[in-house]
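Please look at the sequence and the structure first.

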There are 2 protein chains.
Amino acid sequence: MESTELTRNYSRILLDLEEVPKHYVNILPHLAEPLAPPINPETGDPVSPEMLMAIFAVECVKQEMSPEKLVPIPEEVREAYMKYGRPTPLQRAVGLEAALNTPARIYYKREDSSPTGSHKLNTALSQAYYAKKEGVIRYATETGAGQWGSAVALACAHFGLEAMVYMVRVSYEQKAYRGVLMRAYGAEIVPSPSDRTEFGKKVNTEYPGHPGTLGIAISEALEDTLSRGDTKYTIGSVLNHVLLHQSVIGQEAIVQLEKADETPDTIIGCVGGGSNFAGISYPFMADPRFETTEFVGVEPTACPSMTEGEFRYDFGDTAGITPKVKMHTLGKDFTPPEIHAGGLRYHGVAPTVSALINEGRIRPVAYEQIPVLESAMVFARAEGVIPAPETAHAVKAAIGAALEAKKTGTEKVILFNFSGHGHFDMGAYAALMEGALVPEGEMAMAKNGQPLPQTT
Amino acid sequence: MESTELTRNYSRILLDLEEVPKHYVNILPHLAEPLAPPINPETGDPVSPEMLMAIFAVECVKQEMSPEKLVPIPEEVREAYMKYGRPTPLQRAVGLEAALNTPARIYYKREDSSPTGSHKLNTALSQAYYAKKEGVIRYATETGAGQWGSAVALACAHFGLEAMVYMVRVSYEQKAYRGVLMRAYGAEIVPSPSDRTEFGKKVNTEYPGHPGTLGIAISEALEDTLSRGDTKYTIGSVLNHVLLHQSVIGQEAIVQLEKADETPDTIIGCVGGGSNFAGISYPFMADPRFETTEFVGVEPTACPSMTEGEFRYDFGDTAGITPKVKMHTLGKDFTPPEIHAGGLRYHGVAPTVSALINEGRIRPVAYEQIPVLESAMVFARAEGVIPAPETAHAVKAAIGAALEAKKTGTEKVILFNFSGHGHFDMGAYAALMEGALVPEGEMAMAKNGQPLPQTT
């Protein structure tokens, strides 16, 4: 118990630069059953690696299907991680613990300390490195709230690639400064649905003023990619190789908690496609020392793919360009209400997260926007850091777990991924404080009147 | 030279939490001549400590006049520093060096890593601690770009004080999300000139739509303070005790450069009131090992107090409520154009900075807004971090020094204070990229037509 007293006084656990992980941790060999493969929607057969290599960097496709437990991190990528803030601090939430008067000890992993403000750079750098090495000139991608687009813009600037970003229109308008940041890094960016692709034009014609979805923006980025010879597509979540790259988060956290002489009882992350959640969770899941640890994934009730989606093969995008993957999905045409957590507005969820939900290893929960942002305000006053609206979902779950521990009087150890800061999302907090946010029920009513894009 | 090769590969120099300094370094005993005292404007006599104690926390007034070389940092303040990110990293600008192809080695101190985004929390925490200990209930203050107001809001939340912030109107509008952040921390905030004070009402009546200045906002915060019994005033720059608190920056940098086996040739900071510049510079100036180091203070040509101001006694505020201090000043009624570097829109500069300019120890330079922000864009692409418009002034000077070193082929070591990030200032970069910024000449023309507030 002495170590607990010690950490009570010291609120951040830092690692040396040399402690940036040297491998990614692959969850695939740890699944109870082999993952259902992506299939060609026309034939129903598993897609060939060659088909995927037309879209993604070759090395990423290899990693997508790798059976290896550990995948080496290239030294150039490790150095880029160091330059942009890795290893990130693990912080003890001493202020929040005091505010809640809980016996729980709460730790949060500071992925907000990246210059683009979130964990997204972890995979953007890796993907940009592989693409550059393979002779790719240009990356196309989509972004929701803009965390991913910013990361791609910086990663492309770092490794010398051009970047083209399709940003979901509602977020493009809500978070205009994200677009400015991407342009400052040298990226080109348009609101989606755009007039740069056939699919974007079609949606704009049929549904003028459509707010956009991640599914539509993915379709546009893919169409852009396939219509040119110099471009590949980079994705910020859902796929195995993306979640693999995020495993640096959890690996660092394991070392940091060891230094604090702590074992986590509960690990929490917010879930859109699943990448930050997987990043903090999978290295613990892959390590038998943490067999009894509970893993909680948090999504918005406005886009409840984990808690209400069907488990079936579905397209990753709205136009139906991608292979189909087996996942919990609300259907590719689902248009979520315009919540501020733009990064969680995705109709599906990563196949590996889906499989681990089915195995009972991940417990999914869903929260509404207003209480989520209220929790984030409690956190901001106690810890000083303002969470991104996505991250605020994890904050709410952590506060809930800490209050539960208070009720039962247990010294629970809670770890959550502080996936990003809210500096570009202050409109969400302004709306909250002005009472301008509507509860989910009313949102849904407003949106149900709007037709969804029909793409078949 | 081996150590140079080593640091070339490692871009951040971190310190342990325990290495947060235990003392502040006081520049007063290192000045060539005793600093001219603040005077009572009516009598011309030096003001008494008692008069200052009606405005400021007692301990701050004592520090204002302290002859001690070192002033102890209270343990509660040290712990707060640790919680909010100290020691901050010292980063080698490997990306920028490569982009400039310079033999210079450039280091920047990451004061942006504070949760409020700048160095301002260093003194806000200290001042809030002393006030709370002395039984103060509420702090009033002014803010320009909002970095200071955010720091006061968080420091007050940390130590349990109420916070009232008068924010210069033009910045309140340009950087609206800064206000949201302050409110999220629990502060009250109004645009200045406001209708909450007699002076604010007077300015609003005589000059409707006045954009505000730091001088006017200071007057409002002081009037607020003196009209109540529960409130003291906290200031974010100019005065000795504020600059004293910022000395944690330079002390850490000395240790960090030692670890990199480097001696700085040039140290650079932007200058509004002078606090971040003093923070990085004064500990080096107080240390005889750095006798040959050059110190460069950078201000905007739009508000050139150091390079064009007179050295004389002047008020710190516009209403003429404060004691007069001897400093380089443009006159208390000077209304600078609406540049985005709101934190540099102050008519004077710290008395100690003024004295050190006169001693020839500090070399002041002034730059125009557009080339300053263009330098910041070069930095953002090379390093990933987007500077605050204030900080961009130091960035431009560092780039200039590095290019000069390239011309002469010298391995110069350049250190600058990265005083804050630009996440809440993206409007400045949007305006730059849209070509919407006007050069200083045109600004001055537009503004010269506008009458200045007459306060006597």
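Which residues in α10(A) meet which residues in α11(A)? A:E198, A:F199, A:G200 and A:V203 in α10(A) meet A:I216, A:S219, A:E220 and A:E223 in α11(A), where contact means heavy atoms within 4.5 Å.

This is a predicted model, in which local features need pLDDT of at least 70, side-chain atom pairs count only at pLDDT 80 or more, and totals for chains, interfaces and linings use all residues. Residues are numbered from 1 along each chain as its sequence is written, chains are lettered from A and ligands numbered from 1 in the order in which they are written, and side-chain values use heavy atoms, with hydrogens and water left out. Helices (H or I, at least four residues) and strands (E, at least two) are DSSP runs numbered from the N terminus.

**Sheets and helices of chain A**

An open sheet of 4 strands runs in the order β8-β7-β6-β9, with parallel pairing; two strands pair if DSSP finds at least two bridges between them. β8 (188-192) and β9 (231-233) of chain A stand at the edges with a single partner strand each, so one side of each has no neighbour in the sheet. In chain A, 7 strands form another open sheet, ordered β1-β4-β5-β15-β10-β11-β14, and its pairing is mixed. Its edge strands are β1 (12-13) and β14 (362-367) of chain A.

| Strands (chain A) | Bridges | Direction |
|---|---|---|
| β4 (residues 90-92) and β5 (residues 105-110) | 3 bridges | antiparallel |
| β6 (residues 138-143) and β7 (residues 162-168) | 6 bridges | parallel |

A:L90 has A:K109 in β5(A) as its bridge partner, and A:R138 stands opposite A:E162 in β7(A).

Helix α11(A) lies across β6, β7, β8 and β9 of chain A, at about 165 degrees to β6(A). Angles run from 0 to 180 degrees between N-to-C directions, and axes are lines fitted to C-alpha atoms, for helices over the stretch in contact. Helices α10 (residues 198-206) and α11 (residues 214-226) of chain A pack at about 145 degrees, with axes 8 Å apart.
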